Amino acid sequence: MKKYVVFLALLFLILSACVSEPEQPTPVPTVKLTETPEATAVFTSTPTQTPRPTLTPFPTNTPIPPTQTPSPLETGSNGYPWWNDVVFYEVFVRSFYDSNGDGVGDINGLIERLDYLNDGDPTTTDDLGVTGIWLMPVMVSPSYHGYDVTDYYRIDPEYGTNEDFKRLMDEAHKRGIRVVVDLVLNHTGVGHPWFAESKDPSSDRRDWYLWETTRPTWRGPDGQIVWHPDGSNDQYYYGVFWDGMPDLNYENPDVTAEMYETTRFWLEEMGVDGFRLDAIKHMIEVDTAQENTFPTHDWLEAYYDFYKSVDPYAFTVGEAWTATQQVLEYTGDEVDIAFQFDLALDILNGSDAGIAQIFTKTQQEVIDTFPSNQYATFITNHDQNRVMTQLDGDEGKARVAASILLTGTGVPFIYYGEEIGMIGKKPDEDIRRPMQWQSDNIRVGFTTGIPWRIPAQDYEERSVALQEDDPDSLLNHYKALIQLRNEHEALRVGDWQLVEANSGRLYTFLRYTDNETILVIINLNRNPATAENYSLELESSPLTGDEIPTLLYGQAIEGDLQIDTNGGFSGYTPIEEVAPQSVTIILLEK
């Protein structure tokens with residue numbers, strides 16, 4: 001214990017030497033010390049039988065609300081649901097912004113930074129422009145990540161109060177931002193009161209979890225140990241991810257009823273717009289089958305009917321980390337959309353290699369498999385090494401990946417800090433570091449105290465402050481593409497058609513609706529593509545022949561576009577030399 005105290009004291013002295021001291025001394029934050037597994041796990045949480053808390057009012061020194069703007073519409077453009085008009089931004093509240101100097105991000109800090117995400121004024125261009133937020137777990141949990149929830153009905157005190165969260169909902173909606181929260185259905189934390197009760201074989205909650213008196217010999221889908229000993233009794237419980245998160249037993253209708261109540265609470269009492277549902281492929285086991293089982297699909301279909309009965313416009317995006325064809329089985333009548341992991345991987349692979357064909361094959365498969373635009377796209381998330389790290393710090397490759405994501409089909413999700421090129425490599429704590437708002441010291445504008453996790457080593461070169469006034473920055477590239485997506489329905493909900501470029505360096509395609517058509521040209525390669533070695537060819541399309549190319553973003557264009565009677569064209573080279581790792585977006589305007 002003495003060694004640990006000395007270590008903390010030395011760490012504090014080192015950090016103090018690295019930063020400018022605030023005018024008033026800042027207390028060292030109280031840190032939760034919990035044993036967490038290696039960062040490959042996907043975490044989850046569960047409801048509690050504790051009474052709903054007496055809520056305290058939010059502090060009076062809160063920021064002045066912005067000018068009110070209309071709340072998001074219940075339906076989207078061109079007959080699509082509202083989520084197809086949204087660009088989502090994944091936020092780890094602990095790492096986004098600290099409002100009280102304890103080194104831990106919080107709800108009030110997120111409120112203070114909402115104008116960075118979207119200021120509610122569509123005529124401004126200095127905000128990021130996102131119209132949706134996905135919050136990683138904010139419910140009571142003993143661990144830093146929050147996926148082992150111990151109370152489903154209360155905001156973790158480190159993040160604030162239920163009233164703080166309700167104010168967040170109000171402030172987000174004033175700016176036209178939808179908010180979805182992580183809801184972990186598959187398991188709870190071992191600290192959940194339900195689990196404590198279930199340890200007693202005579203308890204009414206005994207079969208809320210899966211217990212055996214003799215340890216089964218079979219392992220999990222990835223060869224991991226899934227049957228864990230209970231230290232107080234000679235018995236074993238099932239937890240597919242690790243021993244800190246025991247799986248719930250959805251064969252018990254009482255468990256389902258409790259999770260329905262939790263869902264209703266967050267939709268009706270807390271006002272969320274929907275949920276990101278964690279680890280849905282593991283919901284119900286059948287003997288040794290532990291993922292994608294028929295009872296899992298049946299349960300999710302019933303759950304879909306339930307949450308739509310509470311709010312027909314409520315939204316769910318599911319995490320089923322599996323192959324494209326299996327993800328399809330969850331989409332539409334179980335969750336509204338699900339994350340497309342195969343597509344995300346090939347966005348990275350294509351951007352890294354500079355070869356379009358790596359990506360276009362997967363894109364075509366997704367187009368052919370899913371209902372139009374009904375899937376979630378992303379590059380990386382909180383369980384994966386960050387984009388910039390996987391792309392070897394190459395900002396040109398990061399621009400390409402962002403261009404593919406934000407001009408592409410589906411519903412895009414951005415991981416916080418991705419837009420400024422934050423780096424991060426597992427363990428998980430290091431891909432969830434504090435947001436780099438500034439570069440002047442190790443606090444990175446995130447806190448006036450000691451950050452819960454030291455920022456990445458590139459904080460002096462990468463931050464919002466360094467990029468916001470640089471028109472050529474990665475941040476402003478993201479802003480421009482999100483703004484274009486918000487302004488053009490073809491980029492949000494349009495159909496997709498590949499255009500042959502006759503060059504492996506170029507990824508070229510149309511996005512179109514009845515109202516507009518947009519041509520996108522992305523050079524994935526670090527070398528240019530000249531008019532001598534590329535030309536755009538299209539056999540047929542909805543084009544009528546009356547369209548005039550108008551530049552929306554990118555390089556200057558020239559030359560006439562001759563469209564034949566089938567809506568096709570050939571030999572079109574609108575740019576003499578397509579710059580390396582660039583995107584050009586052209587409106588084909590009637």
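**Glutamines, a sheet and a hairpin**

Modeller: Start at Q290: its side chain reaches the backbone oxygen of R219 at 2.9 Å. Keep in mind that this is a predicted model.

Colleague: Where does Q290 lie?

Modeller: In a loop. Q290 lies between β9 (274–278) and α8 (294–310).

Colleague: Is Q290 buried or exposed?

Modeller: Q290 counts as buried, because its relative accessibility is 4% and the cut-off for buried is under 20%.

Colleague: What does Q290 touch, not counting residues up to four places away in sequence?

Modeller: W218, R219, G220, P221 and V226 are among them. Q290 also touches Y238, V240, K281, H282 and E285.

Colleague: Let's move to the sheet with β6 in it. What is the strand order?

Modeller: The order is β6-β8-β7. It is an open sheet of three strands, and the pairing is antiparallel.

Colleague: Which strands are at the edges?

Modeller: β6 (211–212) and β7 (227–229). Each of these pairs on one side only.

Colleague: How many bridges join β6 to β8?

Modeller: Two, with β8 covering residues 236–238. E212 has Y236 in β8 as its bridge partner.

Colleague: On to Q384. Where is its place?

Modeller: Q384 sits in the loop between β12 (376–377) and α12 (387–390).

Colleague: Why does Q384 count as buried?

Modeller: Because its relative accessibility is 16%, and buried means under 20%.

Colleague: Which backbone nitrogen lies 2.9 Å from a polar atom of the Q384 side chain?

Modeller: That of N381.

Colleague: And what is Q384 in contact with, leaving aside neighbours within four places in sequence?

Modeller: W321, F341, F378, I379, Q390, K426 and I431.

Colleague: What separates the C-alpha atoms of Q384 and D428?

Modeller: 7.9 Å, with the two residues 44 apart along the chain.

Colleague: Last topic, the hairpin. Which strands form it?

Modeller: β14 and β15, with six residues between them. In the turn, N502 has a positive phi of about 60°.

Colleague: How many bridges join β14 to β15?

Modeller: Five. β14 spans residues 495–499 and β15 spans 506–512, and the two run antiparallel.

Colleague: What is the bridge partner of L498 in β15?

Modeller: F509.

Note on methods:
Residues are numbered from 1 along each chain as its sequence is written. This is a predicted model: local features need pLDDT of at least 70, side-chain atom pairs count only at pLDDT 80 or more; totals for chains, interfaces and linings use all residues. Side-chain values use heavy atoms; hydrogens and water are left out. Two strands pair if DSSP finds at least two bridges between them. Helices (H or I, at least four residues) and strands (E, at least two) are DSSP runs, numbered from the N terminus. Buried means under 20% relative accessible area, exposed over 50%, partly exposed in between (1.4 Å probe, protein chains only). Contact means heavy atoms within 4.5 Å. A polar contact is a pair of N or O atoms within 3.5 Å; within protein, one must be able to donate a hydrogen and the other to accept it, and residues adjacent in sequence count only if both atoms are side-chain atoms.
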